[in-house]
Amino acid sequence: MDFDKMVHTYKSTIYQVCYMFAKDNDEAADLFQEVLINLWQGLSSFKGQSSLKTWIWRISLNTCISFDRKKKRGIQTQPLEMDIDLFNDTDAETVQVKMLHDRISKLGVMDRAIVMLWLENLSYDEIGAIVGITAKNVSVKLVRIREQLKKMSN
Amino acid sequence: MENLENSILDELRQQNELLKQKLEDQVIVSRLKLEKVREHNLTNILNDDKFLFALGIFAIIFPPLQFYFVLNTSIYFAIATALFMAYSFFRLIRRHRWMKTLRNMDTDLLSYVDKLKLAMRKEYTMRAPEIILLTLWLIWLGIEIYMQTSDQPIEYIIGLSVGCLVGGLIGAAFGLLYLKKTRRRLQAIIDQVEEYRSLANE
């Protein structure tokens, strides 16, 4: 699989994950670059045991979950080229998207990953395979996540 | 209670779909990979030059001495050969400096691609004056060899001619391969940048 094609096809998925784990555009750009680096380095060892999309979800989520700005060791941020600013734009759609971001970013990092995958209509087994827990564990966590989201709305 | 939960989850799903829609319409490209390709290819070109530097110094000294002391060509031909090699060496140094500057350059992509294309046109193409000079030098070499070997047996002449021809062909092949490889590397960077710019303009 050609790396350029892969990034072009799944750029939205990758950025979606980075957006949910970032506080602002700079951090989203940092995360995006980190994910790309990890995808580049891991592509040669991807053996097709899971679907490419699942693999990309896994790498993106693992990168974002373990990303630590203090451990960046001076990684230079290269600018991303986008016409929208999901953190600062004020159009109605972006406001809706920001509400999603505000709710999900209040969850723990693992819970964020699980709820994002659940919103993608993945099965509990698929979610468990990506984040590395059992399907039963996923269902238990989702119950707790729903409780948390309800409390946030109240 | 359950209705509240369901409505929150429905809202989240709708918002998620909105997010995906907004992102699908965007071109999200990273310059990081582009920089890596540029760095990789230009570093390879600069590393190849190190070998050529050593070869260049050898070429300024050894062939003229061989021509004069072994083949008994005229001193003028030996000096002309040394000057020709020195000129090539000077071009190599200039090209190397130019490539180093390009590798460390931080500029907008349009300027960068223009500079790369200029480098390919000026530094990595054989120009007409150089081809003419080379042709003249080869003719002069032929004359010098003829003058030295006109009273030698035919086998000597043939042996010497074959030796010169083989050496010349190997040298030419080596030079052309290097040129082709370098132009290919530069073109790879240009292609990447053009692709990046076309994605950004979609």
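Colleague: How are residues and chains labelled here, and which residues count?

Modeller: Residues are numbered from 1 along each chain as its sequence is written, while chains are lettered from A and ligands numbered from 1 in the order in which they are written. The model is predicted, and local features need pLDDT of at least 70, side-chain atom pairs count only at pLDDT 80 or more, and totals for chains, interfaces and linings use all residues.

Colleague: At what angle do the axes of H6 and H7 of chain A cross?

Modeller: Axes are lines fitted to C-alpha atoms, for helices over the stretch in contact, with angles from 0 to 180 degrees between N-to-C directions, and helices are DSSP runs (H or I, at least four residues) numbered from the N terminus. Here the axes of H6 (residues 124-131) and H7 (residues 135-153) of chain A come within 8 Å and cross at roughly 100 degrees. That makes H6(A) roughly perpendicular to H7(A), a term for angles of 65 to 115 degrees.

Colleague: Is Phe62(B) buried or exposed?

Modeller: A residue is buried if 20 or more other C-beta atoms, placed from the backbone, lie within 10 Å of its own, exposed if 12 or fewer, and partly exposed in between. Phe62(B), in helix H2 (residues 31-70) of chain B, counts as exposed because it has 11 C-beta neighbours inside 10 Å.

Colleague: Which residues touch the most other members of the largest nonpolar core?

Modeller: Such a core joins buried Ala, Val, Leu, Ile, Met, Phe, Trp, Tyr and Cys residues through C-beta atoms within 7 Å. Of its 41 residues, these are Cys18(A), Phe32(A) and Ile114(A). A second, separate core of 8 residues includes Met99(B) and Leu102(B).

Methods
Helices (H or I, at least four residues) and strands (E, at least two) are DSSP runs, numbered from the N terminus. Angles under 35 degrees count as roughly parallel, over 145 as roughly antiparallel, 65 to 115 as roughly perpendicular and the rest as oblique.
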